[in-house]
Every structure is written in C-alpha cells, then in structure tokens.
Amino acid sequence: MSKPTVAVLRPDDDRIVNAVEYLQSLDVSPIPDPMLTIDPTGLVPQHADYCVFTSKTGVDLAARAGWEQRKTTICAVGDQTATALHNRGYSVDVVPSTFTSAGLVDELSAEVEGQTVEIARSAHGSDVLVEGVEAAGAVVSETHLYHLERPETAGQSVSLAVDGELDGILFTSPKTVEHFFQITTERDAVIALQRGLEETIVGAIGAPTERAVDKRAIPVDAVPDTVGFRRLAEVAVRRIREVKQ
C-alpha cells in the first residue's frame with residue numbers, strides 16, 4: 001500500500017516544519033501548504049489584573065516585546081499556549097478545562113467583577129471572549145498583537161483536493177479554512193472541490209474549526225479530543241488507513 005498523501009495547512013513558521021516531520025513519522029507523505037503567515041503589529045499587551053493569551057504566537061510576540069507579568073493573573077486558552085508561557089518564564093494561573101473562549105469565560109465569570117482584563121491575541125478573534133468577560137462585570141481591553149495573512153504561495157492543496165488526489169487534509173484553525181476556501185472561490189472550483197473531497201478524510205482541530213468547514217458544506221471526518229496538531233494527525237491518519245483497508 002502506498003503512503004497516504006495528507007495536506008497540512010499550518011502557518012509558515014516552525015509549525016509547518018514540525019507538522020511535516022510528525023506526519024513523516026506516521027509514514028505519511030505530507031503536502032505542506034501554509035495558509036497563514038504572521039504579520040506582527042508591534043503592539044505590547046497592556047497591564048491589567050488579568051491577561052488572557054490565546055495562542056503561542058501571541059505569547060512569543062509579547063515576550064519579544066518585553067512584556068512583564070508583574071502581579072497579573074495570566075490565563076491561557078489551551079495547553080500549547082500555557083506551555084509557551086512557561087517556556088518564556090511566565091507563570092500560568094488559569095487554564096480552562098474546555099480549550100475555547102467560551103470555556104475561559106465560564107472559568108472567569110465568578111471572579112472578574114470589577115477587575116481589569118487584557119486580552120492579547122490576533123486581530124481575528126471572536127467576540128465571545130470580550131462580551132462574556134464584560135458581561136461578568138470586568139473592564140476589558142484588547143490588544144491585537146498580529147494579523148494573519150494569506151501567503152502568496154498558498155494553493156497547492158486546493159489543486160490536489162479538486163483533482164481528488166489527497167487522502168487527507170488537516171485544517172488547524174478557522175482562518176486556515178477561510179483562506180483555503182477563498183482560493184477555491186477565486187478559482188471558481190467550489191463544486192469541483194466538493195466532488196474531489198468525497199473520498200478525502202477531512203480533519204479539523206476544535207469546534208470552531210469544525211464549524212468553519214461545515215459551513216462550506218464539507219463533512220468533517222476527524223476531530224481530536226484535545227486541541228493539538230499531533231493528536232489531529234494521529235486521528236486523521238488512523239481514519240485514512242481504516243478507509244483504505
């Protein structure tokens with residue numbers, strides 16, 4: 001049996017490199033097609049009673065800018081964000097059991113009334129976090145640390161998907177989904193894509209990414225039980241091999 005061909009759409013930094021290496025370790029032929037590039041704004045998180053980080057990228061940019069924790073209670077959405085904070089020398093006080101903005105709102109709602117809360121993230125976050133924390137009585141500020149742009153080189157995975165040449169495709173954020181389908185629409189290939197993906201295992205990290213794919217009338221076949229690329233890769237590759245048997 002030939003190696004499965006799996007497209008991976010991670011950002012064009014060490015994450016795509018690590019993803020390719022991990023897929024190769026699973027005896028898969030990876031197709032790296034970065035759908036995101038990071039465009040830092042140069043802004044620094046404001047100091048507040050609480051500071052919320054939602055991604056490793058945000059943590060790295062804040063640390064490079066010299067942000068200091070002082071007496072701030074740090075909240076991390078997800079284990080990967082928490083690990084990035086620890087690696088940068090920050091202490092992490094709150095990690096919600098559900099790795100989503102709604103999960104963090106649930107975690108904080110009983111303790112932030114009258115407190116200041118800074119949300120340090122990309123310019124593309126949902127309103128769920130801001131509105132939820134404000135509804136709990138906090139004074140909220142938000143700093144956009146970076147924009148997520150579409151690389152000019154993106155699109156190989158769209159061509160392969162349309163031609164039915166992918167065994168799997170891995171979406172890792174709603175923004176990767178958006179950019180993938182932007183390219184599909186620009187090529188007037190939406191109907192062809194739906195046909196081409198009929199026998200492709202589609203994987204998505206987390207409920208927001210799954211919903212973004214579902215909205216495009218593409219069924220999602222593999223969703224990991226934790227928010228992490230390795231687990232997504234494992235679940236998707238297992239499904240591919242089950243289908244190929």
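I call a residue buried when its relative accessible area is under 20%, exposed when over 50%, and partly exposed in between (1.4 Å probe, protein chains only).

**Before starting.** I am looking at a predicted model, where local features need pLDDT of at least 70, side-chain atom pairs count only at pLDDT 80 or more, and totals for chains, interfaces and linings use all residues. I number residues from 1 along each chain as its sequence is written, and side-chain values use heavy atoms, with hydrogens and water left out.

**The whole protein.** I looked up the helices and strands, which are DSSP runs numbered from the N terminus (helices are H or I, at least four residues; strands are E, at least two). The protein has 10 helices and 9 strands. Its radius of gyration is 19 Å, close to the 18 Å of the globule rule for 245 residues, so the protein is as compact as a globular protein of that length. That radius is taken over C-alpha atoms, and the rule is 2.2 Å times the number of residues to the power 0.38. I also noted that 51% of the 245 residues are buried.

I found S122 in strand β6, which covers residues 116-122. Is S122 buried or exposed? S122 is buried, because its relative accessible area is 9%.

Next I checked its neighbours, taking a contact as heavy atoms within 4.5 Å. Leaving out residues up to four places away in sequence, S122 touches E142, H144, Y146 and L148. I also saw that the side chain of S122 reaches the backbone nitrogen of H124 at 3.1 Å.

Note on methods
Polar contact = N/O pair within 3.5 Å; in protein donor to acceptor, adjacent residues only side chain to side chain.
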